[in-house]
Amino acid sequence: MMRTYHCFWLLFWAGQPHQSFLTPLPKRTSGFPEKEKVLVLSGNSRRDLHRSKRSWMWNQFFLLEEYTGTDYQYVGKLHSDQDKGDGSLKYILSGDGAGDLFIINENTGDIQATRRLDREEKPVYILRAQAVNRRTGRPVEPESEFIIKIHDINDNEPMFTKDVYNASIPEMSDVGTFVVQVTATDADDPTYGNSAKVVYSILQGQPYFSVESETGIIKTALLNMDRENREQYQVVIQAKDMGGQMGGLSGTTTVNITLTDVNDNPPRFPQSTYQFRAPESMPSDSPIGRIKANDADVDENAEIEYSITEGDGYDMFGIITDKDTQEGIITVKKALDFEKKNLYILKVEATNTHVDPRFLYLGPFKDSATVRIQVEDVDEPPVFSRPAYIMEVKEDVPINSVIGTVTAQDPDAAKNPVKYSVDRHTDMDRVFNINSGNGSIFTSKPLDRETLLWHNITVIAAEINNPKESSRVPVFIKVLDVNDNAPEFAMFYETFVCENAKAEQVWCNFFLSFQLIQTLSAVDKDDSYSGHQFSFSLPPETASSSNFTLQDNRDNTAGIFTRKTRYNRHEMSTYFLPVVISDNDYPIQSSTETVTIRVCACDHRGKMLSCNAEALVHPTGLSTGALIAILLCIIILLVTVVLFAALRRQRKKEPLIISKEDIRDNIVSYNDEGGGEEDTQAFDIGTLRNPEAIDDNKLRRDIVPETLFMPRRTATVRDNADVRDFINQRLKDNDTDPTAPPYDSLATYAYEGNGSVAQSLSSLESVTTEGDQDYDYLSDWGPRFKKLADMYGAMDSDRDS
């Protein structure tokens with residue numbers, strides 16, 4: 001609906017009264033009937049240079065937007081009271097859009113708009129008007145400002161801030177639950193009419209959702225919407241201006257609403273009973289099978305925890321939850337035995353881990369099922385009566401003595417017979433053996449506790465019918481000690497006695513005149529539970545005639561004493577004293593050890609100076625160790641000299657040229673330039689063709705020859721011999737020459753043939769020829785000589801012309 005606005009302009013006069021008049025308006029071309037709009041410019045009628053006081057007040061022009069006429073849209077008229085109608089005044093317009101958007105008739109003051117205006121682009125235009133003298137250009141009125149205001153029409157539909165809205169709400173929400181708010185804006189003037197008043201309505205999405213007409217808030221309109229039945233909803237909302245009245249413009253948007261999951265569904269097993277089979281040989285923690293309870297919910301609301309609540313296999317089996325698939329995995333906790341029990345019945349329960357209290361009224365959020373596990377019989381290996389065996393045997397038992405028995409039997413119902421054997425990787429010396437029928441272990445070699453106390457072997461039991469079914473058991477055999485080793489000295493004893501042994505050096509009250517020269521101790525390889533008790537004595541045959549005596553200290557030690565005060569090393573320099581050592585175990589073991597006693601010269605303090613001709617400690621001489629060290633140094637020095645000489649000799653045989661880049665090219669440069677072909681004195685060309693003129697005594701220069709070979713004579717080449725024959729002859733000579741290099745080298749042969757059939761092509765000799773030459777033969781040599789034939793043929797043609 002279009003409205004016509006009428007503007008009335010008021011003039012207020014001040015000062016002297018002036019005559020005013022209205023200029024007739026041109027015919028309107030727009031379809032909007034309007035009253036004539038005139039802006040009157042008034043001023044002083046006196047012809048002086050003083051500016052007239054403005055005696056009027058401006059108002060506004062109002063112009064409708066979106067003009068659809070074919071002519072310019074009429075805006076209004078400017079008129080000055082100085083205008084006499086004689087064309088002496090000219091009206092000027094300036095400001096927003098002046099001269100482009102708004103034009104003025106400079107004679108009549110009519111203002112027109114040149115194109116359609118849009119309020120949403122610019123609602124107000126500020127312009128300035130002035131009347132000037134056409135002849136002088138001087139203003140007759142002061143410049144005044146006026147406003148053109150664009151009136152709005154309903155030309156913009158409401159626009160939503162988003163083309164598509166996305167929202168989500170939990171399923172099973174109450175009626176009136178807030179979902180999302182949509183917003184639409186209208187570019188029209190909200191202060192003028194209802195063009196910008198927007199009302200919301202729902203076009204699609206009922207009866208599930210509703211929208212508030214003024215706010216655009218979308219709410220749920222249906223109770224207990226279930227995500228499992230429908231998850232996605234698409235709602236279309238309309239926004240209409242003009243307050244929703246007929247003729248208003250509208251816009252729409254789409255709202256995608258998703259129902260999010262809540263835990264409103266308990267888990268349910270698809271079947272009440274599950275059957276599984278498990279072989280009795282299945283190891284612990286091995287999976288037997290999987291069960292799964294279905295839950296219509298998703299994500300954490302569908303997480304399930306499985307457990308075994310009751311059954312005769314409660315302690316034999318376990319169940320764990322696969323977090324990825326939400327399945328229950330039944331596993332073995334203990335070893336199964338078909339012969340003991342072959343059927344287990346379990347009750348398994350599935351429970352939601354996240355329960356929403358709001359939906360407990362829907363029932364318990366768990367379910368149970370029965371699981372039957374059938375144990376299958378398998379051929380099992382024999383089972384030993386013990387996990388390990390410990391046996392003891394004395395070290396002096398005879399060979400083939402039984403030291404113990406191991407027992408194993410087939411756990412299967414068939415009770416297959418078992419055979420035994422020793423794992424030879426654990427008994428490399430084959431000290432023990434076993435009866436394959438009854439498992440008796442016996443010795444096959446003598447034992448020695450002092451050599452090896454424990455023997456750790458492995459016994460294998462296998463079924464006779466199926467040797468692959470076998471088992472192993474460790475057997476620890478301890479060798480018990482018997483008294484089979486005689487005691488012996490703890491170390492090698494070698495002592496000395498001074499020639500002038502003093503009687504006052506006493507050791508006990510019974511032997512006041514005896515001197516202690518050595519204390520002895522003994523060891524025994526045998527083991528004694530009560531401790532070793534050794535006794536020391538001298539043999540009866542030497543006890544009375546010996547120059548020394550022995551005293552047993554009864555603490556496993558003994559002392560050797562002198563029986564006289566003076567000894568002469570020149571008469572007897574060394575004494576060998578036998579000592580008998582016995583233990584107190586059964587049977588008694590004894591041994592005879594020897595103590596070496598040397599007679600030495602001592603000083604007045606009893607310190608040894610020398611013993612016989614061999615000095616134990618000589619202050620001025622060298623010891624045996626020092627002499628051996630000197631001898632070793634001399635030998636090493638001699639070996640070094642011999643090796644150095646051998647290396648020097650071998651180095652002389654190596655080639656003089658050792659560079660990796662050597663290709664054995666021997667190039668000899670002669671800085672001698674000959675006189676050309678006519679020079680026969682500079683070099684004897686015949687030498688190249690006469691091998692006999694070559695120096696036969698030249699040998700290789702890169703190594704030192706070990707053997708001088710006789711020079712080889714090469715066959716003489718005829719003067720007119722072909723080059724190929726010459727080179728082949730030289731190659732043959734070099735191949736059979738023992739002095740030739742054994743590697744690739746460059747051989748240079750300076751040989752010049754007898755000339756070619758074409759003779760010389762040089763033009764140098766042609767200048768000495770008196771007669772003319774014929775070059776026609778060049779044409780017969782082929783395309784390669786065509787250029788020469790053309791050149792010399794052209795010269796003959798020029799000479800003839």
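These notebook entries record what I looked up in a predicted model.

**Entry 1: aromatic pairs**

I looked up the aromatic pairs and found that the structure holds 12 of them. I examined Phe 160 and Tyr 200, whose ring centres lie 6.2 Å apart with the planes at 50 degrees, so I recorded this pair as tilted. The two residues are 40 residues apart, and their pair links distant parts of the chain. Phe 160 belongs to strand E9 (residues 159–160), whereas Tyr 200 belongs to strand E13 (residues 199–204). I then checked whether each is covered: Phe 160 has a relative accessibility of 10% and counts as buried, and Tyr 200 is buried as well, at 7%.

Tyr 567 is buried at 5% relative accessible area, and Tyr 575 counts as buried at 13%.

I also noted one aromatic cluster, formed by Tyr 208, Phe 209 and Tyr 233.

**Entry 2: charges over rings**

I found the charged end of Lys 122 over the ring of Tyr 125, at 5.5 Å from the ring centre. The charged end of Lys 341 sits over the ring of Tyr 344, and here I noted 5.4 Å to the centre.

**Entry 3: a surface patch**

Which residues form a nonpolar patch on the surface? I listed Ile 628, Leu 631, Leu 632, Ile 635, Val 639 and Leu 643, which together have about 560 Å² of accessible area. I followed up Val 639, which lies in helix H2 (residues 624–652). Val 639 has a relative accessible area of 44%, so I recorded it as partly exposed.

Definitions and conventions
Residues are numbered from 1 along each chain as its sequence is written. This is a predicted model: local features need pLDDT of at least 70, side-chain atom pairs count only at pLDDT 80 or more; totals for chains, interfaces and linings use all residues. Side-chain values use heavy atoms; hydrogens and water are left out. Patches are made of residues with over 30% relative accessible area and no salt bridge: like charges are joined within 9 Å, nonpolar side chains (Val, Leu, Ile, Met, Phe, Trp, Tyr) within 5 Å. Accessible areas come from the Shrake-Rupley method with a 1.4 Å probe; for residues, only the protein chains shown count as cover. A salt bridge is a side-chain nitrogen of Lys or Arg within 4 Å of a carboxyl oxygen of Asp or Glu. Helices (H or I, at least four residues) and strands (E, at least two) are DSSP runs, numbered from the N terminus. Buried means under 20% relative accessible area, exposed over 50%, partly exposed in between (1.4 Å probe, protein chains only). Rings of Phe, Tyr and Trp (its six-membered ring) pair if their centres lie within 6.5 Å; planes under 30 degrees apart count as stacked, over 60 as edge-to-face and the rest as tilted. A charge sits over a ring if NZ of Lys or CZ of Arg is within 6 Å of the ring centre and within 35 degrees of the ring normal.
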